[in-house]
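Welcome! Here is a short tour for anyone meeting this structure for the first time. Take a look at the sequence and the 3D view, then read on.

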Amino acid sequence: MILYFSATGNSLAVARQLAERLDEELMLLTEAVHQDLTTEKRIGLVFPSYDFNLPPALPEMLSRLKISPQSYVFTVVTCGSAAGNCIWTLRRLLRGKGIELAYSHKVSMPDNSALAFGRNPNKQLGKFDRVPARMEQIIRELQAGSHTLHYSWFGLLSWLLGRPAVTRGMIHFLGPKVYADQCTGCGTCVRVCPMGNIRLADNKALIGDRCTVCLACVHACAQQAISTNGQKARKERQYRHPQVKLKDLLLR
């Protein structure tokens, strides 16, 4: 079973390839928390790195996962450059459930958070050149049942960024804001939010207090009516993995 969390398609694209090549089923992590997966012999966790650590929503999701300690559990982290402490944090959380992380690796892809700092993720497409070779390595090692943690370094900066106070500050700093005068009430942001954290009121989008700063809404809004860090989402800077369509990311 391949479980994934994806906002703009990077992790979904990786999860799809893993599911196909390893002959595994594919499931959203937000759906998996409601399932009993204790009979699954192999569990893959595919998700992005946020500020060199897990997305803020993942620890709670992982605590609800029902998987067997006997399962071969692995992770593949998608990131702009470095996975940071993702692997160490995941390993610690799984050990708290009596589960050992068997394998890990990372895949570098365009960084969708670049938009929040006025940069264009679509100018990072050159990173895709190295993806096929990395994916082949990962699939070959997983097929062999490898027990190797790649890129599992522990850094002080990553540790600091992972502190709860810093995470709260990051959510406040990068958290998306809606420009009501531009919002048409189309509901795309409602359907793409993995946390179910956006609703429509008076035909305008309202963002709740459970944001995990995945920026799915910012990149999916056709009206560029949602900003992050005060940066309006100019159309040419909105990003989605080239092999993923918007309909693939709609959750409801």
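**A first look inside**

The lining of the second largest cavity is made up of 12 nonpolar, two polar and no charged residues. Please keep in mind that this is a predicted model.

**Enclosed cavities**

- The largest cavity has a volume of about 100 Å³, and its lining consists of 14 residues.
- Nearest the centre of the largest cavity are C183, C186, C189, A205 and C221.
- Sorted by class, the residues lining the largest cavity are 10 nonpolar and four polar, with no charged ones.
- The second largest cavity holds about 80 Å³ of space.
- This second largest cavity is lined by 14 residues, and P176, C193, C211, C214 and C217 are the closest to its centre.

**The largest pocket**

- The largest pocket has a volume of about 580 Å³.
- Its lining counts 30 residues, with S49, Y50, D51, D111 and S113 closest to the centre.
- The lining of the largest pocket divides by class into 16 nonpolar, 11 polar and three charged residues.

- What does L29 contact, leaving aside its neighbours within four places in sequence? Its partners are L3, Y4, F5, L45, L58, M61 and L65.

**Helix α4 and its cover**

- Helix α4 covers residues 86-95, and its buried residues are C86, I87, T89, L90, R91 and L94.
- An α-helix has 3.6 residues a turn, so residues three or four places apart point the same way.
- Strands β4 (42-48), β5 (66-67), β6 (72-79) and β7 (101-108) are among the elements that cover the buried residues of α4, and so is helix α3 (58-64).

**Paired strands**

- Strands of a sheet pair through backbone hydrogen bonds, in either a parallel or an antiparallel way.
- Strand β9 (residues 198-201) pairs with strand β10 (residues 204-207) in the antiparallel sense, and four bridges link the two.
- Opposite A201 in this pair stands K204 of β10.
- The hairpin of β9 and β10 has two residues between its strands, and D202 takes a positive phi near 55° there.
- Elsewhere, three strands form an open sheet in the order β8-β11-β12, with antiparallel pairing.
- Strand β11 (residues 226-228) is joined to β12 by two bridges, and the two run antiparallel.
- S227 has K232 in β12 as its bridge partner.

Terms used. Residues are numbered from 1 along each chain as its sequence is written. This is a predicted model: local features need pLDDT of at least 70, side-chain atom pairs count only at pLDDT 80 or more; totals for chains, interfaces and linings use all residues. Side-chain values use heavy atoms; hydrogens and water are left out. On a 1 Å grid over the protein atoms alone, a cavity is a set of points where a 1.4 Å probe fits but cannot get out, and a pocket is an open set with protein on both sides within 12 Å along at least five of seven lines; lining residues have an atom within 4 Å of a point. Grid points are joined across faces, edges and corners, and a volume is the space filled by probe spheres set on the points. Ala, Val, Leu, Ile, Met, Phe, Trp, Tyr, Cys and Pro count as nonpolar, Asp, Glu, Lys and Arg as charged, and the others, Gly among them, as polar. Two strands pair if DSSP finds at least two bridges between them. Buried means under 20% relative accessible area, exposed over 50%, partly exposed in between (1.4 Å probe, protein chains only). Contact means heavy atoms within 4.5 Å.
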